[in-house]
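Here are some notes to read alongside the model. Please keep the structure open and find each residue as it comes up.

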Amino acid sequence: MQSNTRTHIIQAALFIITIITTTMAGAEWMFGNIFEFVYDMLFFLIGQPDGKEVPIPTKPMGWAEFIQGFHFSIPFLLILTIHEFGHYFVAKAHKVKVTLPYYIPLWFGISQSIGTLGAFIRIKEVVKSRVKFFDIGIAGPLAGFLAALVVLWYGFTHLPPPDYIFKIHPEYERFGLNYPQFAYENPAGNLMLGDNILFWFFKNYVADPARLPHAYEIIHYPYLFAGYLALFFTSLNLIPIGQLDGGHILYGMIGKKRFNVVAPVLFGIFAFYAGLGVFRTESFATGSDAVFYERLFYLAIYVYFLYICFKRAFDNPSTALMISLLIVVGQFALSYVRPDWEGSVNLLPFVFILGRFLGIRHPDTEDNTPLDTPRFILGIVAFVIFVISFSPTPFIIIE
């Protein structure tokens, strides 16, 4: 079998598997349940303890729910695919050798996921031009963003009747359409999507207020959830750091010398925000020595976490350690002055991935011809998209 044929088979297989995993994940979000075969498998593997009952949902999901999951997987994968082929076709236009997208399936079964870690195309040669990096980098987010707008517009203009929620939560039906007054007396454990500017606009100016679901229930509406996730991942991709799409765009706009100054600063701000509020001065005001030293130990782990995130950005490890300590001191100071300000710990894994694996800096290019005016304006548009798509606290678990 030729190498290209084998590669295409792998890519097709990954795509098909990702369709299945995102469809199952979509059903799990829509119905707040897991599939019956997962329970059967768990029961087979661990058995049933003597004298104890294994909790089983009243309506474990099957084929009917799986089919409904396509309402999530199709729009979500459509946006992802349009994003990746935006990169692909522009790279081909610039005669840069690239592969077709590789999709990454991910499904847990026993806990909720979105069914995928995304997709990527592999550039098979060195890109030697700022302009080419810019064009390839910006094409994906722009194409994916337009697709996300279409999905969100459809989702918010085709909301089901208010009693749709009773299919998801039959226990709410006895309360009628005033269920939020009674069902959320103890809201702990509910998941809420944090607004970004664009999602807020759709909720307030596009959706029919009579059909708009409660904030705790939006995750059960597949087109809204798919569109929200698309905005979330688009905004992450547009962060102007390293080899993210936003990094390619900013590098094309300002060049290597300025980028190598700006990118570490932006990464520091991103890391500062993500960890803001994780540790506070009052956390250490305890009468127990054991609790104090335990929290001090966790603080040391956090400092080391920041250190390994910054280590690749600087030639001298001492500089990375100093930057990490300055960030922690700054977080303590700001949390003391403004205790109501908090970052988003959900972003810390991305800080780690970006700092440790993707890198903060950008590859050099031989051709450093500046961008023309239309491209520069398009770069500004891309960062406006970042601003209106980024949610400071994307996923909020009610405590």
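1. Start with Lys95. This residue counts as exposed, because its relative accessibility is 72% and exposed means over 50%. Lys95 sits in the loop between helix H4 (70-93) and strand E1 (102-105). From the C-alpha atom of Lys95 to that of Ser324 is 42 Å, and the two residues are 229 residues apart along the chain. Bear in mind that this is a predicted model.

2. Next, look at helix pairs. Two packed helices are described by the angle between their axes and the distance between the axes. Take helix H5 (residues 130-157) and helix H14 (residues 373-389): their axes come within 11 Å and cross at roughly 40°. H5 and H14 are therefore oblique to each other. The crossing of H5 past H14 is left-handed.

3. Which residues in H5 meet H14? They are Val131, Phe134, Asp135, Ile138, Leu142 and Phe145. On the H14 side, the partners are Arg375, Leu378, Gly379, Ala382, Ile385, Ile388 and Ser389. By type, the residues of this contact of H5 with H14 are nine nonpolar, two polar and two charged.

4. H5 also packs with helix H8 (residues 197-205), at an angle of about 25° and with the axes 10 Å apart. Angles under 35 degrees count as roughly parallel, so H5 is roughly parallel to H8. Here H5 passes H8 in a right-handed crossing.

5. In the contact with H8, H5 supplies Phe145, Leu149, Leu152, Trp153 and Phe156. H8 supplies Leu198, Phe199, Phe202 and Lys203. The residues of this contact of H5 with H8 divide into eight nonpolar, no polar and one charged. Phe145 of H5 is listed in the contact with H14 and also in the contact with H8.

6. Now the interior. In soluble globular proteins, nonpolar side chains tend to be buried together. The largest nonpolar core in this model has 87 residues. Which of them touch the most other members? These are Phe156, Ile239, Ile249 and Phe267. Phe156 is also one of the H5 residues that meet H8.

7. Leaving out residues up to four places away in sequence, Ile249 touches Phe134, Gly137, Ile138, Leu238, Gly379, Ala382 and Phe383. Among them, Phe134 and Ile138 in H5 and Gly379 and Ala382 in H14 also belong to the contact of H5 with H14. A second, separate core has eight residues, including Val98, Ile121, Val127 and Phe133.

Technical notes. Residues are numbered from 1 along each chain as its sequence is written. This is a predicted model: local features need pLDDT of at least 70, side-chain atom pairs count only at pLDDT 80 or more; totals for chains, interfaces and linings use all residues. Side-chain values use heavy atoms; hydrogens and water are left out. Axes are lines fitted to C-alpha atoms, for helices over the stretch in contact, and angles run from 0 to 180 degrees between N-to-C directions. Helices (H or I, at least four residues) and strands (E, at least two) are DSSP runs, numbered from the N terminus. Angles under 35 degrees count as roughly parallel, over 145 as roughly antiparallel, 65 to 115 as roughly perpendicular and the rest as oblique. A crossing is left-handed if the near helix is turned anticlockwise from the far one by less than a right angle, and right-handed if clockwise. Contact means heavy atoms within 4.5 Å. Ala, Val, Leu, Ile, Met, Phe, Trp, Tyr, Cys and Pro count as nonpolar, Asp, Glu, Lys and Arg as charged, and the others, Gly among them, as polar. A nonpolar core is a set of buried Ala, Val, Leu, Ile, Met, Phe, Trp, Tyr and Cys residues joined through side-chain atoms within 4.5 Å. Buried means under 20% relative accessible area, exposed over 50%, partly exposed in between (1.4 Å probe, protein chains only).
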